[in-house]
Every structure is written in structure tokens, then in C-alpha cells.
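Student: Could you walk me through this model before I set anything up with it?
Tutor: Gladly; here is the structure to look at while we talk.

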Amino acid sequence: IQADGTDGNCVTFVLHDEDHTLGNSLRYMVMKNPDVEFCGYCITHPSESKINFRIQTRGALPAVEPFRKGLNDLMGVCQHVLNTFEVRHPWRAQG
């Protein structure tokens, strides 16, 4: 991850080897934060496997904070889905 920006509350994160799967899910999680004024992403070019992920926050909150929280919340949701699947389908989770 590479972060570009002159202001700490408005930053573009460059995520390499990622696409819409992470971009749209992470955008949704970050936008749930009321301190985020803007969040969006774009894929630079179809032949490049990276996305530019931009976050702008209100006030003095650094953009890296909702970015980190969004990633952690998304991991929590994914873990919940995996746990639920394993409970309901234990024979599939073993191998």
C-alpha cells in the first residue's frame, strides 16, 4: 500500500494486486463511518492490477484511521461468514 496526499485527512491509497472485489467492499465499510466525507476508488487501467482508493474525512481525523477500521471491519465480516458456513456445513470445512 502506498499513500499519496498532502493533507492527512484527504489521502489516496494505492492498493496493488487488487480489483473491484476489495475496492467496492472496502468502500462500503469505510462509508459507514460518519466522519468520512468522501470515499471512492477507481481502477487505473484494465491491464493494471491496482486500485486508487481515496478517503476524505471531516475535521482533523487522519484518513488512515477509517481506512484501517474499514479493513478490520471487513475482515470481521468475512470471518463471520466463514464461521457461519463451517457451522452449517461442517463436512465441507474439513477439506
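Student: Where is the confidence lowest and where is it highest?
Tutor: This is a predicted model, and its mean pLDDT is 89, with 88% of the residues reaching 70 or more. The lowest confidence is found in strand β1 (residues 2-7), where the mean is 62, whereas helix α1 (residues 20-31) has the highest, at 97. Where pLDDT is low, the predicted coordinates should not be read in detail.

Student: How many helices and strands are there, and in what order do the elements run?
Tutor: The protein has three helices and four strands, and from the N terminus on they follow the order β-β-α-β-β-α-α. Of its 95 residues, 26% are buried.

Student: Which residues have the most contacts inside the largest nonpolar core?
Tutor: That core has 15 residues, and the ones with the most contacts inside it are Phe 13, Leu 15, Leu 26, Val 30, Phe 53, Ile 55 and Phe 67. At least two core residues come from each of β2 (10-16), α1, β3 (36-43), β4 (50-57) and α2 (64-88), and the largest share, four residues, is supplied by α1.

Student: Pick one of those, say Phe 53: what does it touch?
Tutor: Leaving aside residues up to four places away in sequence, Phe 53 touches Val 11, Thr 12, Phe 13, Leu 15, Gly 23, Leu 26, Arg 27, Val 30, Cys 39, Gly 40, Tyr 41 and Phe 67.

Student: Which strands does β4 pair with?
Tutor: β4 pairs with β2 in the antiparallel sense over seven bridges, and within that pairing Val 11 has Ile 55 as its bridge partner, while Cys 10 has Gln 56. β4 also pairs with β3, again antiparallel and over seven bridges, with Arg 54 as the bridge partner of Gly 40. β3 and β4 form a hairpin that has six residues between them. As for β2, six of its seven residues are buried.

Student: Switching to Val 36, is that buried or exposed?
Tutor: Val 36, which sits in strand β3, is buried, because its relative accessible area is 4%, under the 20% cut-off. Not counting residues up to four places away in sequence, Val 36 touches Val 30, Met 31, Ile 55, Gln 56, Thr 57, Arg 58 and Pro 66.

Student: How do α1 and α2 sit relative to each other?
Tutor: Their axes come within 8 Å and cross at roughly 110 degrees, so α1 and α2 are roughly perpendicular to each other. The contact involves Leu 22, Ser 25, Leu 26, Met 29 and Val 30 from α1, and Pro 66, Phe 67, Gly 70, Leu 71, Asp 73, Leu 74 and Val 77 from α2.

Student: Last one: what is the phi of Asp 17, and where does that residue lie?
Tutor: Asp 17 has a positive phi of about 60 degrees although it is not a glycine, and it lies in the loop between β2 and α1. Most residues other than glycine have a negative phi. Asp 17 is exposed, with a relative accessible area of 63%.

Methods: Residues numbered from 1 in each chain as written. Predicted model: local features only at pLDDT ≥ 70, side-chain atom pairs only at ≥ 80, totals over all residues. Heavy atoms only, no water. pLDDT = per-residue confidence, 0-100. Core = buried A, V, L, I, M, F, W, Y, C linked by side-chain atoms within 4.5 Å. Buried < 20%, exposed > 50% of the residue type's maximum accessible area, 1.4 Å probe, protein only. Contact = heavy atoms within 4.5 Å. Pairing = 2+ DSSP bridges. Axes fitted to C-alpha atoms, helices over the stretch in contact; angles between N-to-C directions. Parallel < 35°, antiparallel > 145°, perpendicular 65-115°, else oblique.
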